[in-house]
Amino acid sequence: MTGRLAALRPRLPSPLEEVADDRLAARGIRLLLKRDDLIHPALPGNKWRKLMPNLQARAAGSPGGDDRPLLTFGGAYSNHLRATAAAGRLLGIRTIGVVRGAELADRPLNGSLAQAAADGMRLHFVPRATYRRRTDPAFHAELRADFGDFQLVPEGGSNAAAVRGCAALGRELGDESGAAQTAVVACGTGGTLAGLAAGLPAGARAIGIPVLRGGFLGADVERLQTAAFGGRRGDWRLADGFHFGGFARRTPELDAFAADFAARHGLVPEPVYVAKMLYAVVALAADGAFPRGSTVAAVVTG
């Protein structure tokens with residue numbers, strides 16, 4: 001890694017830590033935590049894996065420099081917006097975040113958006129109906145009329161380049177000693193699951209835990225795999241029912257689980273994605289989803 005991108009030098013492969021959890025051990029299941037949250041302090045986990053291929057393509061396409069801003073999309077609690085803003089600060093690239101919810105423009109910024117703004121991101125709040133056009137080229141043309149030319153990074157950073165970048169996560173898990181038969185990951189836009197499943201070795205499977213309601217994610221994962229690899233890749237499925245009301249929604253039950261997990265293992269689960277994923281791992285184990293004697297790797301994405 002050369003030039004300005006050296007500022008995003010990662011810790012790879014990310015650590016793989018075994019944790020003794022009696023709820024899984026009682027069912028003969030070994031639990032590993034794939035600590036992708038430790039890849040980079042400003043771009044943890046799948047955010048580094050998805051943004052870096054897009055930034056590398058930018059550098060390769062303009063060896064002499066590219067002064068276009070990065071423009072991307074996200075909700076009020078988007079880790080992707082925050083990571084894109086951090087990458088922009090570290091690399092000296094302007095960033096623009098199109099934020100779902102025009103009503104948020106008149107409210108104090110939450111922690112995620114405040115950090116993105118502090119890192120130099122220009123926040124552009126749009127009505128929710130407008131935000132639903134985020135993949136529409138006509139909307140992109142309207143944004144270019146407002147902001148000039150930009151490099152477009154899709155919501156969640158999930159495109160073909162990002163999916164190919166996330167395939168390295170599956171390969172890392174396959175290369176680890178005592179490799180897991182099942183990898184479990186939280187899903188927002190589906191890009192990490194699409195790459196993870198493609199990179200896993202034969203015989204291993206991936207389970208995605210959607211953190212949004214809707215039941216639409218399976219088609220999105222297939223679309224991303226087709227764009228990246230020409231078709232569906234790997235053994236994967238989605239386990240719905242663990243969104244706890246929707247994106248960034250929480251319940252006392254989820255909060256109690258996260259506090260208990262922190263007390264047991266010294267890891268405070270990030271609430272939007274990781275806590276729901278870990279809750280799902282324990283619940284799926286209780287339902288017999290993992291064979292006795294198997295190893296499960298839970299991907300800590302942030």
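This is a predicted model: local features need pLDDT of at least 70, side-chain atom pairs count only at pLDDT 80 or more; totals for chains, interfaces and linings use all residues.
Five bridges join strand β2 to strand β10, and the two run parallel.

- How many of the residues of β10 are buried? Five of its five are, which leaves the strand mostly covered.
- Both of its faces are covered: T295, A297 and V299 are buried on one side, and V296 and A298 are buried on the other.

- Strand β3 spans residues 70–74, and because five of its five residues are buried, the rest of the structure largely encloses it.
- One side of β3 holds the buried residues L70, T72 and G74, while L71 and F73 are buried on the other.
- β3 is joined by five bridges to strand β4 (residues 95–100), and these two run parallel.
- To find one of the bridges, look for L70 and its partner in β4, T95.

**Helix α10**

- Helix α10 covers residues 252–265, a run of 14 residues.
- From its first C-alpha to its last it reaches 20 Å, close to the 20 Å expected at 1.5 Å a residue.
- Which residues of α10 are buried? They are L254, F257, A258, F261 and A262.
- Seen down the axis of α10, these buried residues fall within an arc of 135°, so they line one face of the helix.
- The face turned away from that buried side carries P252 and A263, which are exposed.
- What do the buried residues of α10 pack against? Their neighbours are α1 (22–25), β2 (30–34) and α11 (274–286).

**The nonpolar cores**

- As background, nonpolar side chains tend to be buried together in soluble globular proteins.
- The largest nonpolar core here has 34 residues, and those touching the most other members are L33, V184, I209, M277, L278, V281 and F290.
- At least two residues of this core come from each of β2, β7 (182–187), β8 (205–210), α10, α11 and β10 (295–299).
- Which element gives the most to this core? It is α11, with ten residues.
- A second, separate core has 23 residues, including L169, C187, A194 and L217.
- Back in the largest core, V184 is one of the residues that touch the most other members.
- Leaving aside residues up to four places away in sequence, V184 touches I207, I209, M277, V281, F290, V296, A297, A298 and V299.

**The cysteines**

- A disulfide is a covalent bond between the sulfur atoms of two cysteines.
- How many disulfides does the model contain? The count comes to zero.
- Is C166 buried or exposed? C166 is buried, with a relative accessible area of 0%.
- C187 counts as buried as well, at 2% relative accessibility.

Key. Residues are numbered from 1 along each chain as its sequence is written. Side-chain values use heavy atoms; hydrogens and water are left out. A disulfide is a pair of cysteine sulfur atoms within 2.5 Å. Buried means under 20% relative accessible area, exposed over 50%, partly exposed in between (1.4 Å probe, protein chains only). Helices (H or I, at least four residues) and strands (E, at least two) are DSSP runs, numbered from the N terminus. The expected span of a helix is 1.5 Å times one less than its number of residues. The arc is that of the directions from the helix axis to the C-beta atoms. Contact means heavy atoms within 4.5 Å. A nonpolar core is a set of buried Ala, Val, Leu, Ile, Met, Phe, Trp, Tyr and Cys residues joined through side-chain atoms within 4.5 Å. Two strands pair if DSSP finds at least two bridges between them.
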